Amino acid sequence: MESLLPLNQSQGISSSRPIFSINRSNALRCLTSSRSEMGVRPSKEKKTSGWQRVFRKVRRSDPVKFHTVGVYGQHVGESMVEEKVEPVLETRLSLKYFPGKAFPLGVSEVEGGINFAIFSQHASSVTLCLSSSNRDDNEESNPGIVEVALDPKKNKTGDIWHVCLEGLPRSGVLYGYRVGGPQGWEQGHRFDSSIILLDPYAKLVSGRKVFGDVNEKSTNFLGAYDFTSLPFEWGPDYRLPSIPETDLIIYEMNVRSFTADDSSRLDSGIRGSYLGVIEKIPHLLELGINAVELLPVFEFDELEFQRYPNPRDHMINTWGYSTLNFFAPMSRYASAGGGPSVASLEFKKMVQAFHNAGIEVILDVVYNHTNEADDDNPYTTSFRGIDNKVYYMVDLDKNAELLNFSGCGNTLNCNHPVVMELILDSLRHWVNEYHIDGFRFDLASVLCRGSDGTSLNAPPVVKAIAKDAVLSRCKIIAEPWDCGGLYLVGKFPNWDRWAEWNGKYRDDIRRFIKGDPSMKGTFATRVSGSADLYQVNKRKPYHSINFVIAHDGFTLYDLVSYNFKHNDANGENGRDGCNDNYSWNCGFEGETDDVNIVSLRSRQMKNFHMALMISQGTPMMLMGDEYGHTRYGNNNSYGHDTAINHFQWEQLEARKDDHFRFFSEMIKFRQNHSVLRCSRFLSKNDVTWHEDNWGNHESKFLAFTLHDDKFGGDIYLAFNAHDYFVEALIPSAPHKRCWHRVVDTNLESPNDIIPEGIPFIGKRYKVAPYSSILLEAKS
């Protein structure tokens, strides 16, 4: 195969530190053929495709000025380079190319062509592989792969491999890399040059078109770019919601599951898509939340469990906690199989619609591991094949096996400078390009580990995120634990910026409401802001993300309907999922027609929701809990693209006037009463505990008054977790005010919650078993 003549190497390009990048793709096998030191060739002899006909006779190049930037953005050199290339026979596919530049990583449009740059410290060879994303119907399914072998003497600056190609289309091109290197497994290397790898910095990723299409299991994931689309028009009146943290009410949801069910009554082309979410924003406004926390929307392979025979090969990854790439929106959330460019556009439309509705968008991000699994059943798509020793934590004392603090086979080496910069670049990209308002970091304790897995007191990546200028307007939330036992609730390194999922709040609220002994004092601590955990330095109550239910674990309905998990459908004989759920089935395991049990369960769900909405801190609820969604006891439903996870819109309509009404009105009550949303921890002047029996471990009743010194609208609350009535002594209302009953969860709808309240004159109130009440002082 003919190759282009050698080019003159750019002078004066150097870098004191490497630039780094990350992205992923599925394995795409290249056909072997002779390789030129630096050249372009098709991977197999084929008829010329429509895309290949773009490349014609090579012309002489014009001078190009190159700027190379180091890893932290410093300018490290520039030179004027004049490349001259001799024509190649028209029977051979050829491209005009230049050495290119090392910054930015990924693909960029530069003067004179398209620039490609990728980091690999330990690679000995890198080959850029190009293909077409647009094929005529009469073309073969694979029109051929064009390969450009990079010369380390001409196409490498520090640890960055780069090349610039002139003549490439500005869109409609797929690309990846074959990377070769040392084969020393015990040194931490996993190079395999037969696999085409996804660029860690690809801003778009192309894979199968339709979510869960089992006929396309072996689809390869490749990078894509689009320099032809116009900038997105956010609109002249567009504004970021900029909701204060004190006022935030978070709704955790899954993009696909929100509208995938037929009951959504959406057109089949937009069910389960970004556009489908837009159609249902009115529901969220009616509910009253003002922020959504989206389960992972970075590109992932939903069919990864079906790569080889295993107990989970019937499952489809619906939650998405298995990232392929940290820059590209999930392409199969585009409408009608639109592909990566459409996904990017429609994601922006979704964010725009949320913001126009006054709702912030927080992303659940997974920087603790990737989809590439472990060494026993590796799924090499990107990082593993590009530079395993850099991107992952390995134990060099144990044959360089992957360390597994994520529970998913590998652990991202987050505090390595290269990986840290990747994470920061990714976060900035989502803020700048997609206007994201915040991030929740899955298994964030991994971010607090060094390269050997040891815990760091001041992890560089956690500090960098807290101090970054671009991220300064964003909410940043840690899930402060990992699967290696690093439990940091209340102790996550925070620089007074990081909030935390308060796992202790979840457990303690569950235990008190269901009637466990010795929980009254702890319950009081949790609903008053968890000062024992967060009253340190300049931290605030809102740094506690309060939740009773999240995506993993029981739904709220299942929490009051099951004592035990029922995970047989997951294929692991019930071994998966948490065993400590602090749940109570109210007297019967699972579904029942017993009216007393059904009534008790309804009451308990309302008790949990009221406790959440009156607690100091930031409340978060789970999609579907507003109508009582059930997963039938499955507390680890990540792999079911069915009604187990899908929002059931018909059930919502059936419960609109009862269960949903209570949840919605309780949310709005919180929004309308600042005494429930304090920006500082409560003092003795802010709350009166009507309790003189703290030491009684059998006491399961707690009453207290929150004082509103500004408006005089005190709020009296009582929670009874006993199985008998408790007669509560009601304190006197503030001067010139009287008590109005707003909530009694023992009453049937609509009397269970009356937002404006009804006057209450008595001095005592009989609080029913397993119920709660709320009184408001009004003039």
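The largest cavity holds about 110 Å³ of space in this predicted model, where local features need pLDDT of at least 70, side-chain atom pairs count only at pLDDT 80 or more, and totals for chains, interfaces and linings use all residues. Residues are numbered from 1 along each chain as its sequence is written, and side-chain values use heavy atoms, with hydrogens and water left out. A cavity is a set of points, on a 1 Å grid over the protein atoms alone, where a 1.4 Å probe fits but cannot get out, and lining residues have an atom within 4 Å of a point. Points are joined across faces, edges and corners, and a volume is the space filled by probe spheres set on them. Counted in this way, there are 9 cavities of 30 Å³ or more.

The lining of the largest cavity comprises 14 residues, with N254, L622, M623, R631 and N645 nearest its centre. This lining consists of 6 nonpolar, 6 polar and 2 charged residues (nonpolar: Ala, Val, Leu, Ile, Met, Phe, Trp, Tyr, Cys and Pro; charged: Asp, Glu, Lys and Arg; polar: the others, Gly among them).

For the second largest cavity the volume is about 70 Å³. Its lining residues include V548, L556, F608, M621 and F663. Two or more residues of this lining come from each of α12 (595-614) and β25 (618-622), helices (H or I, at least four residues) and strands (E, at least two) being DSSP runs numbered from the N terminus. By class, the lining has 9 nonpolar residues, 1 polar and 1 charged.

Note on methods: On a 1 Å grid over the protein atoms alone, a cavity is a set of points where a 1.4 Å probe fits but cannot get out, and a pocket is an open set with protein on both sides within 12 Å along at least five of seven lines; lining residues have an atom within 4 Å of a point.
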